Amino acid sequence: MSLTAGGSISNLHLDSQAKLIEGLKNGDENAVKQLVFLYSDRLLQVATLILKDQYLAEDVVQESLLVAINKIHQLRGDDLSPWLYRILVNRCRKEQRKKPWSVVEYLPKNELELVPATGVDVERDVLEKDTDREVMYAIAQLPARYREVVTLYYLEEFSLETIAKVTQEPLGTIKSRLHRARKRLQKILIEGGFFDGFE
Amino acid sequence: MDLNDRKLKQKLKSEIGSIKFSSYQKNQLAEALIAGQKKENLPKRTFHLLSEFWHGTTEIPLYLGAIGLLVLILGVRNTVDIFLIDSESAAFLLQQTVEIIERSGLW
């Protein structure tokens, strides 16, 4: 198993994954470190997009990894990745239920600079750097369930079947959500004047 | 004009690339997880097991539930006490009852 400097994985073979799972089941500390260096950044990025709050996402990633380590015996097979994301998505949903009032209203690009910065979160960061993070900003406008699907599809490049497993939703629902989310994304990007960069 | 999936993926990844844990944070996270794992593997006390079971099945806090149960037990006990008497009192009450019936001429 080889790790890059940033902690991402260059090539995780199935046997390496099986060894990692075996190590976690045996309480091996090195396996825990490997898990953190392999998955923490990817989980953090997904959680940040879903929750729109990087600091909250950091807590959720830590909780999710702890749950994963302590419940590793419940994992069937060697497919660690979807299982991890499933735990993460469930934790994100739990956090969202705690603050259902957190809704981002879409603002046209020329009004973004007028929005006062409150709190430290990705929403603010996105609003301040609208030209740098236009896709993130557009995703932040989507409803939570759409954000989940879009994040797993565009960022993690999961298949629709895997997304259905991760989100525990029927495949048809995932297809429909992705279709609607893409339409909304396109609308937001066009109205915000961001779309040129994709042509 | 349709969204170009490939370009969207590339752009999203480049935008979010800076959001990541530092090496220091990763080491801290790993240490916290190892500590958490050890804690989880410790033999659990009865109260902890009871607490886990309780909170896995109901949202009422365990302490509140325990107080409620105690109040219920005390209430039932006080009610039952009215009917609980010793043998001497029972004999006295029986004797008095028989005398009353005899005096009344019903028996």
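A:Glu157 is placed in the loop between H7 and H8 of chain A. Please keep in mind throughout that this is a predicted model. The backbone at this position has a phi near 55 degrees, which is a positive value in a residue other than glycine. Is A:Glu157 buried, partly exposed or exposed? With a relative accessibility of 42%, A:Glu157 counts as partly exposed, because the buried class stops under 20% and the exposed class begins over 50%.

The side chain of A:Glu157 also has a partner: it meets the side chain of B:Lys13 in a salt bridge, at 2.3 Å from N to O. This pair crosses between chains, with B:Lys13 sitting in helix H1 (residues 5-16) of chain B and A:Glu157 in the loop between helix H7 (144-155) and helix H8 (160-167) of chain A. B:Lys13 is partly exposed as well, at a relative accessible area of 34%.

## Another positive phi in chain A

A:Gln168 is another residue to look at on the backbone. Its phi is near 55 degrees, again positive in a residue other than glycine. Where does A:Gln168 lie? The residue belongs to the loop between H8 and helix H9 (171-191) of chain A. A relative accessible area of 41% makes A:Gln168 partly exposed.

## Salt bridges within chain A

Over all chains, the structure holds 13 salt bridges. One of them joins the side chains of A:Glu63 and A:Arg91, at 2.8 Å from N to O. A:Glu63 is in helix H3 (residues 54-70) of chain A and A:Arg91 in helix H4 (residues 80-98) of chain A, so this pair ties together parts that are 28 residues apart in sequence. A:Glu63 is partly exposed, with a relative accessible area of 30%.

Which residues are linked in a network of salt bridges? They are A:Arg93, A:Arg145, A:Glu148, A:Glu169 and A:Arg177. Within that group, the side chains of A:Glu169 and A:Arg177 meet at 3.4 Å from N to O. A:Arg177 is a charged residue to check by eye, since its relative accessible area of 14% makes it buried, the limit for that class being under 20%.

A:Glu95 is found in helix H4 of chain A. The relative accessible area of A:Glu95 is 11%, so this residue is buried. What does A:Glu95 touch, leaving aside residues up to four places away in sequence? The contacts are A:Leu51, A:Leu56, A:Val60 and A:Glu63.

In soluble globular proteins, nonpolar side chains tend to be buried together. In this model, the largest nonpolar core has 64 residues, and those with the most contacts inside it are A:Leu35, A:Leu65 and A:Leu80. Helix H2 (residues 29-51) of chain A gives the largest share of this core, with 13 residues.

Not counting residues up to four places away in sequence, A:Leu80 touches A:Gln17, A:Leu20, A:Ile21, A:Leu35, A:Tyr39, A:Ile72 and A:Leu75. Among these contacts is A:Leu35, itself one of the residues with the most contacts inside the core.

## Chain B: helices and surface

How many helices and strands does chain B have? Its secondary structure comes to 5 helices and 0 strands, and along the sequence the pattern reads α-α-α-α-α. Of its 107 residues, 17% count as buried. The accessible surface of chain B is about 8,600 Å², and 64% of that belongs to carbon and sulfur atoms.

Part of the surface forms a nonpolar patch of about 390 Å², made by B:Leu69, B:Leu72, B:Ile73 and B:Val76. B:Leu72 is found in helix H4 (residues 62-81) of chain B. This leucine is exposed, with a relative accessible area of 55%. In helix H5 (residues 87-104) of chain B you will find B:Thr97, which counts as partly exposed at 40% relative accessibility. The side chain of B:Thr97 reaches the backbone oxygen of B:Leu93 at 2.5 Å.

How values were computed
Residues numbered from 1 in each chain as written. Chains lettered and ligands numbered in written order. Predicted model: local features only at pLDDT ≥ 70, side-chain atom pairs only at ≥ 80, totals over all residues. Heavy atoms only, no water. Patch = residues over 30% accessible without salt bridge, like charges linked within 9 Å, V, L, I, M, F, W, Y side chains within 5 Å. Areas by Shrake-Rupley, 256 points an atom, 1.4 Å probe, with all protein chains shown as cover. Salt bridge = Lys/Arg side-chain N within 4 Å of Asp/Glu carboxyl O. Helix = DSSP H or I, 4+ residues; strand = E, 2+ residues; numbered from the N terminus. Buried < 20%, exposed > 50% of the residue type's maximum accessible area, 1.4 Å probe, protein only. Polar contact = N/O pair within 3.5 Å; in protein donor to acceptor, adjacent residues only side chain to side chain. Core = buried A, V, L, I, M, F, W, Y, C linked by side-chain atoms within 4.5 Å. Contact = heavy atoms within 4.5 Å.
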